[in-house]
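Please look over the sequence and the 3D structure shown here before reading on.

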Amino acid sequence: MAQAEKFCMGCMNPLPDGRDVCGICGYPADGENPPLYLPVESLLSDRYLVGRVLESDGDAAVYIGYDQVLKSPILIREFLPDTLCTRGENGEIAVISGCEGTYQIYMDRFRTHARALARLRELPSLIPLYDIFDQNGTVYSIGEYCAGVSLETRLSSVGGRLSWEEARPLFMTLMSTLISMHSAGICHYGLCPSHLIIAADGRLHMRGFSMVEARSVGTDLKPRLIGGYSAPEQYSGEGEIGAWTDVYGLAATIFRTLTGNPPSDAPARVRDGGDLLVPADVAEKLPDHVAVALFNALQVNPANRTRSMKDFRDKLAEAPAISAMRDTGAEVKDPAPAKEKEAEKKTKPGKKKSNRGKYALLIVLCSFVMLLLIAGVVIFTLFPDAIGLGGTSSTDSSDLSAPTLTTIPTLQVPAAPQYAVDDLINQNYFEIRDTTLSGNMKIKLQYQIFSDKRRGTILEQTPSPEQSADEGSTVLVVISAGPETVTVPDLREWKEEQAKLYLEALGLNVNITKLKTSDVKRGLVQDTSPKAGTELKVGDTISLRVSYREEEPDGNDAE
């Protein structure tokens, strides 16, 4: 950082000379962190300047910082389990006596968790991590700073809640990212409005990641659970925690977004039967399929809950016919059982017949007229003399006139409802291609073109978002094939399947070379051919050199 320019350690904006308090964030110029945390203006890795501590979870402390190389604000995450360690001299971690082994186990897990998140940095709703290193007897991860406001702040500024139409585009891209994360074995475990940032691109970005041990009771770490959003299994210390736990957290977040209040805390819901209270004015406007999806995703028993984020997203994306008719202003027919309708007709003899009855009567009349016409044609053909139309014509005024054809009334079929076309521009085709859009519309790839946009980014769509289309229509999209060349990433010690999927997403063809002799664990990538950093054209072939060495006798290398 340039010596001539002073920065506020609370927000990393320039602090004019002579100012005692930052005019942007209100942090004092001489502000200090509490003793447990790194001192303000500490330097990490000879590059990263430490600022104010922002939050502390069960496994880590999060600081705002400044990257002196990139000249930009950053987020610094320090492994700091306060049940196992304290802060010693010169910023060093002092492990509590007797906790050394446990501390080392959790530190290794923290490092592995950070590396896994860094590998997924291309996902649109993740805040990218770009550096991980050891220092001070602990581990640090460095991530980009995501400017924006939290969803909680946004909701407070608009009266506490949003309609489903406003909330839907925010959550759909987020759910696509979560689906990809879950498939890679990574969950969040702390989803809530304060951990979701609405960035300048209008999308939700996630922060507040922690290891699972810091988001559930019964471990050596102090659990950081979030009232109303943490799932029941996180409180119990029993039963499995997984993707369905994130389903609960996100469903609770959407519930709070739509209703103005989160569900009751999980222990209270388990005790009281799991009731969900929805304000009457919200319930009237909430689409039926959204209410059902939230109800299923917020089941207190994990076995009864929606089990995957993909299933939850698909249920939210459904648009049943009755909901679609309400959205377009069309008449909604009474779904009461036929027996009830019949009883109602008997008790209300003056009530008008339904349109269905009118159409049925009209069809019968049309059919009757058609039969008369067909009979007339047959008679004209077989017995022309019987009605004076055969042989010699007669000019007698008593002759029968040619029959006049009756015009068949046209059956008026109600026009199919039209639906607003979803805006897909700048979304990633590979993340949403299986999504059912509003009006049950489907997405279909038209063609790809090379561009500076990330591969899969939707550049054009037909019909456009300003148009409407029939139910079940197909939306054709033109997507970016990405740059014509790609740089081979460093995939050392990635799992084989994850590395293969990542390379294929870059547009490369992948071959697997199995190594019987390797210095990495079985099933992990040793290196690639060509090497990391090599420029390849999209469509080129790359070889993943994967360890298939024999397992050690103790089975440590087994998958």
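Predicted model: local features only at pLDDT ≥ 70, side-chain atom pairs only at ≥ 80, totals over all residues.

Residues are numbered from 1 along each chain as its sequence is written, and side-chain values use heavy atoms, with hydrogens and water left out.

The chain has 14 helices and 21 strands, taken as DSSP runs (helices H or I, at least four residues; strands E, at least two) and numbered from the N terminus. Of its 559 residues, 42% are buried, meaning under 20% relative accessible area with a 1.4 Å probe, protein chains only.

Two packed helices are described by the angle between their axes and the distance between the axes. Helix H3 (residues 164–183) packs with helix H9 (residues 309–317) at an angle of about 160 degrees, and their axes lie 9 Å apart. The axes are lines fitted to C-alpha atoms over the stretch in contact, and angles run from 0 to 180 degrees between N-to-C directions. H3 and H9 are therefore roughly antiparallel, a term for angles over 145 degrees. Residues making the contact (heavy atoms within 4.5 Å) include Trp164 and His182 of H3 and Arg313 and Ala317 of H9.

Threonine 435 sits in the loop between helix H13 (429–432) and strand E13 (442–449). Because its relative accessibility is 7%, threonine 435 counts as buried. Leaving aside residues up to four places away in sequence, threonine 435 touches Arg313, Ala317, Met441 and Ile443.

Note on methods
Buried < 20%, exposed > 50% of the residue type's maximum accessible area, 1.4 Å probe, protein only. Parallel < 35°, antiparallel > 145°, perpendicular 65-115°, else oblique.
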